[in-house]
Amino acid sequence: MNGLLFGPGLAENGMPAQFEVNSDGLRFATSSLEVGHPSWRDIRIQKSGWDGSQLRLEWHGSAGAYALVVAEAAAVKSILAAGKLSISRAPGAAQTRAWASGIVVFTFVVPLLVIAAILWQHETIAGWLVGFISVEQEQKLGAHLFEGQKAKLKKIDGAPATMVRDIGARLTKGSAYRYEFYVSDDKTVNAYAMPGGYIVMHSGLLQLAASADEVAGVLAHEVAHVEKRHSLTAIARQLGLTAVLSLAFGDLGSIASAAGDLLSLKFSRDHEREADSVGLNRLVVAGMQPTAMATFFRKMAAQDKINLGFLSTHPSSEERFSAIDGAIGALPAAARGVPALDYDYAAIKAELPQDGATR
Ligand SMILES: [Zn+2]
């Protein structure tokens, strides 16, 4: 019988070897080798080959470790019969089994988990799904949605808009999004961010603010909503899997047709907390005062006017504000002690439309 022999002093890709299968072990025809006369007791047998039809026999001869690979069907049969040994599971077979169970997991288990997650953890799964949407796609969706919103804006230009744009640019330096900042003549105290980086501040919010730094705090919070894709996630939650997938594949139609539903979107408490903390970091990185954020949010809450969502109100609580205080307290003193933004805020406010507004 023929096999391929591997061992000390032999060719790296094996040496053809003739052998006999006896009841007590193997006997090689080429006796000059230090292969020995291995008995079944000392031989380890494994199935090998891509389909497991070959055998690999391993033992220790006087010169070291040897291996014999046997491919002939007759030889395999007689070795198995004579050896009466249990065959160890070859690594190849184990891998095949791992593959098979992997396929089972992906075919049945993952979809079930996804369905379960959609039912029980809507926001988490929505967040995961939006990971499949590129920034470019999100930007397109945002532009599309903002197109409808823009018509309703009473855009204000001049110093207030310039200030909001400049602070916004400082807060979004290095971002993957192309931001656009707008000030709208609307006396309600509100600001919102749409997917892709469209941020709108109402004049009412600018009127309530006492400084450019307070405005920066709100802007940082809105920018964080964009960077963490909260609006996109909220849309995914609202409109469901189909819409998100069609968006991922470049179809805006299904989202656009459901755009009316977006008016009821709300951020979760988790997203608000995240926007606060990410926004705070943005302020620090941009070299702006972090303290004004908490001050202004409290002022808004006191007036029951906190409204910093995406076209909608969002949860606010003292717990949230104390979390901001805690984060500010944990900052290095240098980050807390930065000077106020250099704007004549009273003069900027004076440029806002005054007519008919009660503030
Ligand atoms: Zn918010």
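**Ground rules**

I number residues from 1 along each chain as its sequence is written. The model is predicted, so I take local features only at pLDDT of at least 70 and side-chain atom pairs only at pLDDT 80 or more, while totals for chains, interfaces and linings use all residues.

**Entry 1: overall counts**

I looked up the secondary structure and found 14 helices and nine strands in the chain. Helices here are DSSP runs of H or I with at least four residues, strands are E runs of at least two, and both are numbered from the N terminus.

I then looked up burial: 35% of the 359 residues count as buried. A residue is buried if 20 or more other C-beta atoms lie within 10 Å of its own, exposed if 12 or fewer, and partly exposed in between, with C-beta atoms placed from the backbone.

For contacts I use C-beta atoms, placed from the backbone, within 7 Å. Of the contacts in the chain with a separation of 6 or more, 67% are between residues 24 or more positions apart.

**Entry 2: nonpolar cores**

A nonpolar core is a set of buried Ala, Val, Leu, Ile, Met, Phe, Trp, Tyr and Cys residues joined through C-beta atoms within 7 Å. The largest one has 48 residues, and V215, A216, L219 and M293 touch the most other members. Helix α7 (residues 212–227) is the main contributor to this core, giving nine residues. I listed the partners of V215, leaving out residues up to four places away in sequence: V164, I167, L206 and A209. There is also a second, separate core of 14 residues, including A17, L26, W59 and I79.

Two packed helices are described by the angle between their axes and the distance between the axes. Axes are lines fitted to C-alpha atoms, for helices over the stretch in contact, and angles run from 0 to 180 degrees between N-to-C directions.

The axes of α7 and α10 come within 7 Å and cross at roughly 115 degrees. This crossing is right-handed; a crossing is right-handed if the near helix is turned clockwise from the far one by less than a right angle, and left-handed if anticlockwise. On the α7 side I noted A216, G217, A220, H221, V223, A224, H225 and E227, which meet E274, A275, D276, V278, G279, R282 and L283 in α10. By class, the residues of this contact are seven nonpolar, four polar and four charged. Nonpolar means Ala, Val, Leu, Ile, Met, Phe, Trp, Tyr, Cys and Pro, charged means Asp, Glu, Lys and Arg, and the others, Gly among them, are polar.

**Entry 3: α10 with α12**

Helix α10 (residues 269–285) and helix α12 (residues 318–329) have axes that come within 10 Å and cross at roughly 25 degrees. That makes the two helices roughly parallel, as angles under 35 degrees count as roughly parallel, over 145 as roughly antiparallel, 65 to 115 as roughly perpendicular and the rest as oblique. The crossing of α10 and α12 is right-handed. E272, R273, D276, S277 and L280 in α10 meet R320, A323, I324, A327 and I328 in α12. The residues of this contact are five nonpolar, one polar and four charged.

I followed L280, which sits in α10. L280 is buried, with 24 other C-beta atoms within 10 Å. Not counting residues up to four places away in sequence, L280 touches P290, M293, I324, A327 and I328. From L280 to T291 is 11 residues in sequence and 8.9 Å in space, C-alpha to C-alpha.

**Entry 4: α11 with α12**

The axes of helix α11 (residues 291–302) and α12 come within 9 Å and cross at roughly 165 degrees. The two helices are therefore roughly antiparallel, and their crossing is left-handed. T291, M293, A294, F297 and R298 of α11 make the contact with F321, I324, D325 and I328 of α12. Its residues are six nonpolar, one polar and two charged.

**Entry 5: single residues**

I looked up Q303 in the loop between α11 and α12. Q303 counts as exposed, with 11 C-beta neighbours inside 10 Å. The C-alpha atoms of Q303 and V189 are separated by 9.6 Å, although the two residues are 114 apart along the chain.

R229 lies in the loop between α7 and α8 (230–248). R229 is buried, with 22 other C-beta atoms within 10 Å. Its phi is near 55 degrees, a positive value in a residue other than glycine.

Terms used:
Two residues are in contact if their C-beta atoms, placed from the backbone, lie within 7 Å.
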